[in-house]
Amino acid sequence: MCGIFGAIACKGCQNVLDTSGVTYQGLSGLQHRGQEAAGIAISDGKSIVTEKGLGWVSHVFNKEKLQDLTGSLAIGHTRYGTTGGSTEKNAQPFYKKNNYELALAHNGNLVNSYHLRKVLENQGAEFDSTSDSEVIAEMIARSKKPTIEQAVLDVCSKIKGAYSLLILTKDKVIAVRDPNGIRPLSLGYQGNRNNPDFGLISKTCT
């Protein structure tokens with residue numbers, strides 16, 4: 001049980017969405033989904049920056065940290081540990097750079113993560129955490145598929161379990177639910193219907 005949130009600012013809007021601030025608010029609303037750790041990854045179209053740590057959202061982030069997180073795309077995570085211990089290395093989102101550069105936030109559990117981790121380690125992959133979420137991020141980053149979308153689809157055909165994912169690249173956010181839709185993930189928007197700001201959230205606080 002974790003919480004994930006994403007914010008996507010509309011392109012060319014006069015009033016630019018404060019994606020880090022909105023993600024902070026979204027994660028605060030998801031605090032009941034996890035109190036062990038919190039994190040935000042954001043992209044300005046040129047680079048991905050990740051800030052995360054142990055504790056509640058309000059403990060990890062302050063006004064100064066949020067001001068340093070600038071960009072039009074953001075994803076965030078509140079952690080409730082189910083796989084791996086309560087350490088800062090298990091905080092999300094996970095950042096990976098290989099064939100693809102991405103950050104990943106994951107809610108759910110995999111039943112075949114141990115096998116997948118061993119396969120990756122035999123290929124030379126190194127892991128910083130004990131989380132099954134890092135396995136997913138590593139698989140996507142190392143994929144040889146020609147597009148990130150195809151890489152995600154390929155990885156999702158190999159992982160087994162109940163999950164929802166938010167995957168941030170430099171220029172997009174990809175949202176995924178497991179084939180059975182067990183883990184919730186909702187899409188909403190605000191502003192101009194033809195060019196809106198989008199939000200993605202794993203569960204409301206009600």
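A salt bridge here is a side-chain nitrogen of Lys or Arg within 4 Å of a carboxyl oxygen of Asp or Glu. By this rule the count comes to nine salt bridges. The model is predicted: local features need pLDDT of at least 70, side-chain atom pairs count only at pLDDT 80 or more, and totals for chains, interfaces and linings use all residues. Residues are numbered from 1 along each chain as its sequence is written, and side-chain values use heavy atoms, with hydrogens and water left out.

**View A. Helix α5 packs against helix α6.** Helices (H or I, at least four residues) and strands (E, at least two) are DSSP runs, numbered from the N terminus. Helix α5 spans residues 132–142 and helix α6 residues 148–156. Their axes lie 9 Å apart, at an angle of about 135°. Axes are lines fitted to C-alpha atoms, for helices over the stretch in contact, and angles run from 0 to 180 degrees between N-to-C directions. That angle makes α5 oblique to α6 (under 35 degrees is roughly parallel, over 145 roughly antiparallel, 65 to 115 roughly perpendicular, the rest oblique).

**View B. The contact between α5 and α6.** Helix α5 contributes Ile136, Met139 and Ile140. Helix α6 contributes Ile148, Ala151, Val152 and Val155. Contact means heavy atoms within 4.5 Å. The residues divide into seven nonpolar, no polar and no charged (Ala, Val, Leu, Ile, Met, Phe, Trp, Tyr, Cys and Pro count as nonpolar; Asp, Glu, Lys and Arg as charged; the others, Gly among them, as polar).

View C. Glutamate 121 is partly exposed, at 33% relative accessible area. Lysine 118 is partly exposed too, at 37%. Buried means under 20%, exposed over 50%, partly exposed in between (1.4 Å probe, protein chains only).

**View D. Glutamate 149 forms a salt bridge with lysine 172.** The closest N and O atoms are 2.6 Å apart. The pair links distant parts of the chain, 23 residues apart. Glutamate 149 sits in α6; lysine 172 sits in the loop between β7 (161–168) and β8 (173–177). Glutamate 149 is partly exposed at 35%, and lysine 172 is partly exposed at 27%.

**View E. Lysine 158 meets aspartate 154 in a salt bridge.** The N to O distance is 3.2 Å. Lysine 158 is partly exposed, at 42%.

**View F. A network of salt bridges links Lys96, Glu134, Glu138 and Arg142.**
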